[in-house]
Amino acid sequence: MLNKGKYVRSLHLMMVLPVLFILIYNYLPMFGVVIAFQDFNAAKGIFQSEWVGLANFQTLFRDPDFLQVLINTLVISFAKMVAGLVVPLVVALMLNEVLSSIFKRLTQTIIYMPYFVSWVMMAAIIISILSPNGGLLNQVLGIFGIEPIYFLGNDSIFREIIVVTHVWKEFGWNTIIFLAALAGIDAALYEAAIVDGAGRFAQMRHVTLPGIAPTIILVAVLSLGNILNAGFEQIYNLISPLTMHSGDILDTFVYRYGMEQWQFDIATAAGLFKSVISCIMLIFSYWLAKKLTGYKVI
């Protein structure tokens, strides 16, 4: 007979390493936010650097590049949220209409594979495809007599490229979520709709979409918590000096100030600003999710 006490202790022991990992890498570094309120000197360290209060935030907000960085972050993040919701939904609805289970499973596997590829690898693939010197896309355009285009060096379309490549890599995840929601719709509702004379599009409009509406709302609402996460890994690997105006975001701004210019106090202030706004949006998104769909974390 299973000893319940020993079983519970075993579960608690299994949690020791994950908890230690979170404490060491997630909670202990939070002490470093005090740098945002200091005239930080690496030689003196956190405990001896001069306290300057909100001076770093004043410097940050007066930076002529900061407003553009914030606008870029919001525009790219919002575009990713919308495209990352619409594209998987459309693909899931299309796959739901496919009768061949083999084709459906094969398609799901193909669109889901890029999700597991790192942005370093994806960036190399994207650069190769969009390269003006023999890139696949420019080769296709050349067939129609169009001169090679330096896509990743064009500031006017860089945001669009970021959004499209993000959707290409990530949309397989939400597609599976929507397909799972579609599988939960009662088949009797479709049978009743057919009896009433509803065609494919009428069934989709009156049965399918209302059936997965709570999932759509939940995915959309929970994505609000990432409104300031425009994708550091992706943009860092694809951005260039030519596209800095439209592609520089908060994360690359923080990296540049902290790791390249060694202005750790300004970088920490920018990071803290982003974290506070993200925390507020995350709390709001969970509150909104509970109000609209009844979803609760606990």
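How many positive and negative side chains does the protein chain have, and how far apart do the centres of the two sets lie? The protein chain carries 17 positive and 17 negative side chains, and the centres of the two sets are 15 Å apart, where Lys and Arg count as positive, Asp and Glu count as negative, and His and the chain ends are not counted. The place of each charge is taken as NZ of Lys, CZ of Arg, CG of Asp or CD of Glu.

This is a predicted model, in which local features need pLDDT of at least 70 and side-chain atom pairs count only at pLDDT 80 or more, while totals for chains, interfaces and linings use all residues. Residues are numbered from 1 along each chain as its sequence is written, and side-chain values use heavy atoms, with hydrogens and water left out.

**Overview. The protein chain holds 14 helices and two strands.** Helices (H or I, at least four residues) and strands (E, at least two) are DSSP runs, numbered from the N terminus. The radius of gyration, taken over C-alpha atoms, is 24 Å, well over the 19 Å that the globule rule gives for 298 residues, so the protein chain is more spread out than a compact globule; that rule is 2.2 Å times the number of residues to the power 0.38. Along its principal axes, the C-alpha trace spans about 75 × 75 × 35 Å. Buried residues make up 37% of the 298 residues, where buried means under 20% relative accessible area, exposed means over 50%, and partly exposed lies in between (1.4 Å probe, protein chains only).

**View 1. Threonine 208 lies in helix H10, which covers residues 200-222.** With a relative accessible area of 2%, threonine 208 is buried. Its side chain makes a polar contact with the side chain of tyrosine 190 at 2.7 Å, a polar contact being a pair of N or O atoms within 3.5 Å; within protein, one must be able to donate a hydrogen and the other to accept it, and residues adjacent in sequence count only if both atoms are side-chain atoms. Not counting residues up to four places away in sequence, threonine 208 touches Leu93, Leu182, Ile185, Tyr190 and Gln203, contact meaning heavy atoms within 4.5 Å.

**View 2. Threonine 243 sits in the loop between helix H11 (232-238) and helix H12 (244-247).** Threonine 243 is buried, with a relative accessible area of 0%. Leaving aside neighbours within four places in sequence, its contacts include Leu152, Gly153, Asn154, Asp155 and Phe158. Arginine 159 is 84 residues from threonine 243 in sequence, yet the two are 9.0 Å apart in space, C-alpha to C-alpha.

**View 3. Valine 87 belongs to helix H4 (residues 66-96), and isoleucine 176 belongs to helix H8 (residues 158-183).** Valine 87 counts as partly exposed at 30% relative accessibility, and isoleucine 176 counts as partly exposed at 33%. Not counting residues up to four places away in sequence, valine 87 touches Val167 and Phe171. The C-alpha atoms of isoleucine 176 and valine 91, which are 85 residues apart along the chain, are separated by 9.8 Å.

**View 4. Tryptophan 262 is found in the loop between helix H13 (250-260) and helix H14 (264-293).** Tryptophan 262 is exposed, with a relative accessible area of 60%. Its phi is near 60°, a positive value in a residue other than glycine. Most residues other than glycine have a negative phi.
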